Amino acid sequence: MTLNFALNGRKLSREIAPDETLLQLLRDCGMHSVRSGCDTSNCGICTVWVDGKPVLSCGYLAARVEGRAVTTLEGVKDEAEALMRCLAAEGADQCGYCSPGFLMCALAMFRELENPGDAEMRAYLAGNLCRCTGYASQMRALAKYAEGRRSK
Amino acid sequence: MISIQEYRFAESLDEALALLDAGKRNRVIGGGMWLRLGHAGVRTAIDLSRLGLDKIEDAEGEVSIGAMASLRDVETAPCLRELFGGVLSESVKPIVGVQFRNMATVGASVYSRYGFSDLLTALLALDAAVVLHRAGEMPLDEFLRNPPEKRDILTAVHIRKDGRRAAYRSFRRSKTDFGVLNVCMSVSTEGDWRLSVGARPGRATRCPEAEALLAAGDGAGAAKAAAENLTYGSSLRGSADYRRHLAEVLTLRCWDALREDGAEARDSEPTDAGRDEA
Ligand SMILES: Cc1cc2nc3c(=O)[nH]c(=O)nc-3n(C[C@H](O)[C@H](O)[C@H](O)COP(=O)(O)OP(=O)(O)OC[C@H]3O[C@@H](n4cnc5c(N)ncnc54)[C@H](O)[C@@H]3O)c2cc1C
Ligand code: FES
Ligand code: FES
């Protein structure tokens with residue numbers, strides 16, 4: 001079937017299989033920030049945005065993005081820059097495999113919530129598992145980033 | 001993993017139902033996440049996302065939640081944070097993560113009658129009704145026990161606004177995992193008590209013996225009754241004995257929450273003053 005959608009602001013038309021996932025489609029489109037972790041909708045590594053909302057691309061049927069806008073980390077590089085620097089400074093990415101999904105969910109959070117507190121951030125990011133950092137360094141990085149935003 | 005031969009966006013509910021009836025291997029797609037993990041060989045996938053079924057409406061006498069509303073919609077809808085002590089919003093919060101809840105739908109969660117369902121446990125205690133496109137509206141309680149034989153499409157869930165206050169408690173071995181046991185308790189302004197227990201691991205069910213004791217003001221007795229009168233089973237997440245114990249503990253916690261809440265509620269009811277969002 002033919003699929004028409006927007007990827008990071010560019011209109012695309014692709015031939016897809018009806019049971020293809022958004023994750024497969026995005027990898028095929030060269031969006032290598034989108035990674036497969038659990039492939040069972042549990043870990044958050046494959047997070048992208050559909051019409052601005054964070055979703056799990058491994059569990060999302062590609063056919064449903066017909067007419068919709070999909071955003072991957074490649075599409076919000078500039079916006080992600082400051083948060084990426086905070087993650088690096090706090091040692092909050094080690095193997096780095098979870099980082100794109102974490103960034104996409106965290107950026108969605110900062111767009112959605114004005115000034116999230118610690119508990120709100122933990123709740124919003126509960127679906128992003130990380131097997132390396134133990135989360136403490138991620139929380140420090142988020143706090144630092146949030147502080148930077150406030151003082152702007 | 002699932003295989004799908006054809007993907008169709010239904011243009012009306014009648015068309016969707018006709019497609020469903022056209023073949024045993026045709027399936028309705030909600031968020032699609034549960035389906036994808038199974039091994040179903042689907043001939044036609046029937047997508048309901050263009051039928052405007054994603055609305056949550058707060059009307060005069062009842063709230064209506066559309067089948068394609070996501071669990072995140074339930075969590076964030078201002079009316080559902082307010083009504084019934086916010087239990088619907090609370091019940092879905094522990095489910096995986098924000099991204100997941102942006103996708104999983106109310107219709108699929110209710111129609112599939114999952115034993116582990118947090119949302120069903122809460123809805124059952126709120127005396128909700130389901131609206132099916134073929135079979136019409138029926139109480140959720142009945143739908144859970146005797147669902148119509150013919151496959152149907154769930155279009156909405158209705159909840160009467162009878163001034164119910166409610167409390168929800170679930171116990172999880174780790175955050176974002178399925179609940180080991182779910183409990184929801186509610187009481188209407190007329191003093192009609194409801195108690196539902198889910199993830200036993202069987203489907204959520206009410207406990208009439210406990211409800212009678214709640215009405216008589218005996219919370220501790222009701223908690224014991226919930227443990228003694230319902231059936232509990234063992235699974236990967238916990239033994240039957242453990243669940244029975246949790247049933248008593250969580251029922252008591254709901255009771256305590258409603259009692260404390262009641263003292264406050266009496267001061268502020270029945271006006272809306274003081275309810276403005278902080
Ligand atoms: C990894 C994972 C973890 C989960 N954890 C929890 C948890 O902790 N607590 C909890 O309560 N739930 C949990 N769930 C269940 C989840 O909340 C949803 O209930 C479930 O995914 C179904 O929603 P869906 O929209 O993805 O359904 P789909 O996969 O789209 O559909 C599921 C079934 O419902 C049918 N269906 C869909 N919509 C309708 C409709 N409108 N009318 C009739 N039939 C319909 C489909 O044909 C299919 O048979 C979990 C699910 C997964 C995959
Ligand atoms: S790969 Fe999608 S949630 Fe883990
Ligand atoms: S840094 Fe390795 S999984 Fe998160």
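Guide: Start with the inward-facing side of H2 in chain A: its buried residues are A:Ala80, A:Leu83, A:Cys86 and A:Leu87. Buried here means under 20% relative accessible area, with exposed being over 50% and partly exposed in between (1.4 Å probe, protein chains only). Keep in mind that this is a predicted model, in which local features need pLDDT of at least 70 and side-chain atom pairs count only at pLDDT 80 or more, while totals for chains, interfaces and linings use all residues. As for bookkeeping, residues are numbered from 1 along each chain as its sequence is written, chains are lettered from A and ligands numbered from 1 in the order in which they are written, and side-chain values use heavy atoms, with hydrogens and water left out.

H2(A) covers residues 77-89, so 13 residues in total, and spans 18 Å from its first C-alpha to its last, close to the 18 Å expected at 1.5 Å a residue. That expected span is 1.5 Å times one less than the number of residues. Helices (H or I, at least four residues) and strands (E, at least two) are DSSP runs, numbered from the N terminus. The helix has a kink of about 30 degrees centred on A:Leu83, where the bend is the angle between axes fitted to the seven residues ending at a residue and the seven starting there. A:Leu83 is also one of the buried residues of the helix. What do those buried residues pack against? Their partners are helix H3 (99-112) and helix H5 (136-150) of chain A, with contact meaning heavy atoms within 4.5 Å. After H2(A) comes A:Gly91, with a positive phi near 65 degrees.

Now zoom out to the domains. Their bounds come from an automatic or database domain assignment, which for chain A gives domain 1 (2-74) and domain 2 (76-150). The C-alpha centres of these two chain A domains are 21 Å apart. Contacts between them involve 15 residues of domain 1 of chain A and 19 residues of domain 2 of chain A. The two chain A domains bury about 1400 Å² between them, and carbon and sulfur atoms give 66% of that. Of the area that domain 1 of chain A buries against domain 2 of chain A, 45% is supplied by A:Arg35, A:Trp49 and A:Leu73, more than any other three residues. Buried area is the accessible area (1.4 Å probe) that two parts lose on being put together, summed over both.

Next, chain B. The assignment there gives domain 1 (2-47) and domain 2 (56-264), whose C-alpha centres lie 27 Å apart. Here 16 residues of domain 1 of chain B touch 14 residues of domain 2 of chain B. These two domains of chain B bury about 1300 Å² between them, 70% of it on carbon and sulfur atoms. B:Leu17, B:Met33 and B:Trp34 supply 43% of the area that domain 1 of chain B buries against domain 2 of chain B, more than any other three residues. The rule finds 1 salt bridge across this interface in chain B. B:Asp21 also forms a salt bridge with B:Arg134, and the closest N and O atoms are 2.8 Å apart.

Then there's the interface of the two chains. The area buried between chain A and chain B is about 2300 Å², with 57% from carbon and sulfur atoms. Across this chain interface the rule finds 3 salt bridges. B:Asp47 pairs with A:Arg64 in a salt bridge, with 2.8 Å between the closest N and O atoms. A:Arg64 turns up again as a neighbour of B:Gly30, which touches A:Arg64, B:Met68 and B:Thr105, not counting residues up to four places away in sequence. B:Gly30 sits in the loop between strand E2 (27-29) and helix H2 (33-37) of chain B, and is buried at 12% relative accessible area. B:Gly30 and B:Val106 are 76 residues apart in sequence but 8.3 Å apart in space, C-alpha to C-alpha.

Most residues other than glycine have a negative phi, and most peptide bonds are trans. B:Val96, in the loop between helix H5 (87-92) and helix H6 (98-101) of chain B, has a positive phi of about 50 degrees. A cis peptide bond joins B:Arg200 and B:Pro201, with omega about 10 degrees.

Notes: Salt bridge = Lys/Arg side-chain N within 4 Å of Asp/Glu carboxyl O.
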